[in-house]
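Me: I am new to reading protein models. Please go through this one with me and tell me what stands behind each term.

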Amino acid sequence: MEPAQVALSESGAELLRKLADKTGQSPTEVLDAALDAYWRQIQFDEAGADAHLRNDPEAWAEFQADQKEWDDPPDEKTQGDQAPPSP
């Protein structure tokens with residue numbers, strides 16, 4: 001894979017230099033480790049985001065119904081992106 005170039009703010013570049021100096025890692029290794037840690041944190045946060053709903057059967061059922069509504073393809077009534085006809 002070809003290396004990517006990323007623009008950093010002055011403060012971000014300075015912090016990257018400090019972390020590289022402190023850890024003895026290259027700036028690329030520091031960024032890789034930081035991105036991996038950030039990714040894991042987001043995954044952890046998302047995994048726990050619905051935990052409170054799972055403890056409430058009624059709320060969990062409502063949540064699942066909402067997800068199903070968003071995930072299912074549109075049916076003939078909604079005709080794609082159009083709103084359903086008014087009664």
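Me: Which residues does D50 touch, not counting residues up to four places away in sequence?

Reply: This is a predicted model. In this model, D50 touches W60 and F63. Contact here means heavy atoms within 4.5 Å.

Me: How far apart are D50 and F63 in sequence and in space?

Reply: They are 13 residues apart in sequence. In space, 8.9 Å separates them, C-alpha to C-alpha.

Me: Why does D50 count as buried?

Reply: The cut-off for buried is under 20% relative accessible area. D50 has 15% relative accessibility, so D50 counts as buried.

Me: Where does D50 lie?

Reply: D50 lies in the loop between α2 and α3, and α3 covers residues 51–54.

Me: What share of the protein chain counts as buried?

Reply: The chain has 87 residues, and 9% of them count as buried.

Me: How many helices and strands does the protein chain have?

Reply: There are 4 helices and 0 strands. From the N terminus on, the order is α-α-α-α.

Me: How do you know that the span of α1 is close to the expected one?

Reply: The expected span is 1.5 Å times one less than the number of residues. Helix α1, residues 10–23, has 14 residues, and 20 Å is expected. From its first C-alpha to its last, α1 reaches 20 Å.

Me: Which residues of α1 are buried?

Reply: A13, L16 and A20 are buried in α1.

Me: What puts these residues on the same side of α1?

Reply: They cover an arc of only 60° around the axis, so they sit on the same side of α1. The buried residues of α1 pack against α2, residues 27–49.

Me: Which exposed residues does the face turned away from the buried side of α1 carry?

Reply: That face carries E10, S11, K18, D21 and K22. Exposed means over 50% relative accessible area.

Me: What follows α1?

Reply: G24 follows α1, and its phi is positive, near 75°.

Me: Which residues line the largest pocket?

Reply: The lining includes P3, A4, Q5, V6 and L8. Also among the lining residues are T28, L31, D32, A34 and L35. About 250 Å³ of space lies in this pocket.

Me: What makes up the lining of the largest pocket by class?

Reply: By class, there are 7 nonpolar, 2 polar and 1 charged residues. Asp counts as charged, so D32 is a charged residue of this lining.

Methods
Residues are numbered from 1 along each chain as its sequence is written. This is a predicted model: local features need pLDDT of at least 70, side-chain atom pairs count only at pLDDT 80 or more; totals for chains, interfaces and linings use all residues. Side-chain values use heavy atoms; hydrogens and water are left out. On a 1 Å grid over the protein atoms alone, a cavity is a set of points where a 1.4 Å probe fits but cannot get out, and a pocket is an open set with protein on both sides within 12 Å along at least five of seven lines; lining residues have an atom within 4 Å of a point. Grid points are joined across faces, edges and corners, and a volume is the space filled by probe spheres set on the points. Helices (H or I, at least four residues) and strands (E, at least two) are DSSP runs, numbered from the N terminus. Buried means under 20% relative accessible area, exposed over 50%, partly exposed in between (1.4 Å probe, protein chains only). The arc is that of the directions from the helix axis to the C-beta atoms.
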